[in-house]
Amino acid sequence: MTNEACNDMAKIWKNQPTARVNISLEQLRRKAGKLQSRVLWRNLREYAAGALVIGTFGYMAWTIPPLLPRLGCALLIAGTFYILATLHKRGASAVVPAEMAFQTCIDFHRSELERQRDLLRSAWSWYLLPLVPGMTVFLVGLLVFTLQQPNAKAHASVIIAAFAFIAIFCAMVFLGIDRLNRWAARKLQDEIERLDVLTKES
Amino acid sequence: METESAIRTSRQDELYQEAAASHGSALERLVRGYEADPDRCRDLSQEIHLALWQSLARFDRRCSLRTWVYRVAHNVAASHVIRDHRRNSRTLVGLETVEVQAVVEDREQMLDQRQAIERLLQLIQQLKPLDRQVILSRLEDMDAASIAEITGISPGNVATKIHRIKNILARRFYEGGIHDERSLQ
């Protein structure tokens, strides 16, 4: 009965009515063009966001008097450049349609999972870490500058506590993001290991 | 140089037209196995046709056109499922763990095509991408060797999965399928 059920279902499956999608070659060319301009706009949006961050910290580095926060701004700008360059590199390594045919489904699936896993695992080093030195120097610089103001000594403990709170909050957010990414990467690794079993002969 | 590029484009167009004519209907059925929503189904179908057309610029006959078409289609569709899965956190299951409820139904009822297709789609759409690829290929009457070539799963594992699929279909669509399945083991 199992073979019969399978054959019956295959017959029904193949005889089901389907609405044939008729796409002309002209439509395909237009769609490919649209896709390219969508990628271009996405890249431009990323660069515009980067330019905004660089512009804002550049303006601050230029206008604020104390040296340490200015140095922090410069480091944040450098960190943003590094993130943009990494984004650009990763965007350039996007999947080309022909690669989908050169790879079997399991290889393609595996490489996609590996790409996502590596992205998640390395997010700490290319997305978060480049901003840490700049933020640290910026915050310390602001703290020193604030403590140098008249009457600041009277409220020193409150000022230090406020800055410590901000620093701990930022660190917790960064660590939280990293933990979540690593957890997701571990789940992907489990999936990859399950796929490896399937490629081996049973 | 320009002539060479024009020849390549015309060859790519011809191959696409050949692929669409031979496998167009099968691709539509494949899309239904990956996406339930009719609007998104149409989008996925267009995405597959676009990727197929683009990929054929580099078709080098290292495999048959059929294998090429199915690899591109399944890989585009699997990426769609993974994207969707990340957005909705829907849990996908494997053939080994899929819940199979025996449905009391006779063969005439089972042959009510629309109902049978709907139930089959419900089953397929809860599976992980690779298991979908195997069941969809089997429903297109492909043998274990062809499925192994497309998916990359070893032929032995494909055979195991096909055996499981047959059992699932029997239990799900036939009255008393459980007894028949036991008698086969």
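Author: Start with a term. A crossing is left-handed if the near helix is turned anticlockwise from the far one by less than a right angle; it is right-handed if the turn is clockwise. By that rule, H7(B) and H8(B) make a right-handed crossing. Bear in mind that this is a predicted model.

The pair first. H7(B) spans residues 144-151 and H8(B) spans residues 155-173. Their axes come within 9 Å and cross at roughly 115°. H7(B) brings B:Ala144, B:Ala145, B:Ile147 and B:Ala148 to the contact. By class, the contact of H7(B) with H8(B) holds 8 nonpolar residues, no polar and no charged. In soluble globular proteins, nonpolar side chains tend to be buried together.

Now the chain around the pair. Chain B has 9 helices and 0 strands. Its pattern along the sequence reads α-α-α-α-α-α-α-α-α. It has 185 residues, and 42% of them count as buried. Take the contacts in chain B between residues at least 6 apart in sequence. Of these, 66% join residues at least 24 apart.

Next, the domains. Chain B divides into domain 1, residues 1-90, and domain 2, residues 93-185. Where they meet, 12 residues of domain 1 are in contact with 10 residues of domain 2. On the domain 1 side, H1(B), residues 2-34, and H3(B), residues 65-88, each supply at least two residues. H3(B) gives the most, with 6 residues. This side of domain 1 has 7 nonpolar, 3 polar and 2 charged residues.

H3(B) matters to the count again in the core. The largest nonpolar core has 58 residues. A:Met9, B:Ile48, B:Leu52, B:Val72, B:Ala73 and B:Ala77 touch the most other members. H3(B) gives the most to this core, with 9 residues. Both domain 1 and domain 2 of chain B put at least three residues into this core. Apart from this core lies another, of 7 residues; A:Phe57, A:Cys73, A:Leu76 and A:Leu131 are among them. Back to B:Ala73. Leaving out residues up to four places away in sequence, B:Ala73 touches B:Leu27, B:Leu30, B:Ile48 and B:Leu52.

Then the partner chain. The contact takes 37 residues from chain A and 53 from chain B. On the chain A side, the elements that give two or more residues are H1(A), H2(A), H4(A), H5(A) and H7(A). H1(A) provides the largest share, 10 residues. By class, that side has 21 nonpolar, 9 polar and 7 charged residues.

Last, two backbone details. Most residues other than glycine have a negative phi. B:Arg61 has a positive phi of about 60°. B:Arg61 sits in the loop between H2(B), residues 38-55, and H3(B). B:Arg61 has 7 C-beta neighbours inside 10 Å, so B:Arg61 counts as exposed. In chain A, A:Asn151 has a positive phi too, near 70°. A:Asn151 is in the loop between H6(A), residues 132-147, and H7(A). With 6 other C-beta atoms within 10 Å, A:Asn151 is exposed.

Notes
Residues numbered from 1 in each chain as written. Chains lettered and ligands numbered in written order. Predicted model: local features only at pLDDT ≥ 70, side-chain atom pairs only at ≥ 80, totals over all residues. Helix = DSSP H or I, 4+ residues; strand = E, 2+ residues; numbered from the N terminus. Buried ≥ 20, exposed ≤ 12 C-beta atoms within 10 Å, placed from the backbone. Contact = placed C-beta atoms within 7 Å. Domains from an automatic or database assignment. Nonpolar A, V, L, I, M, F, W, Y, C, P; charged D, E, K, R; others polar. Core = buried A, V, L, I, M, F, W, Y, C linked by C-beta atoms within 7 Å. Axes fitted to C-alpha atoms, helices over the stretch in contact; angles between N-to-C directions.
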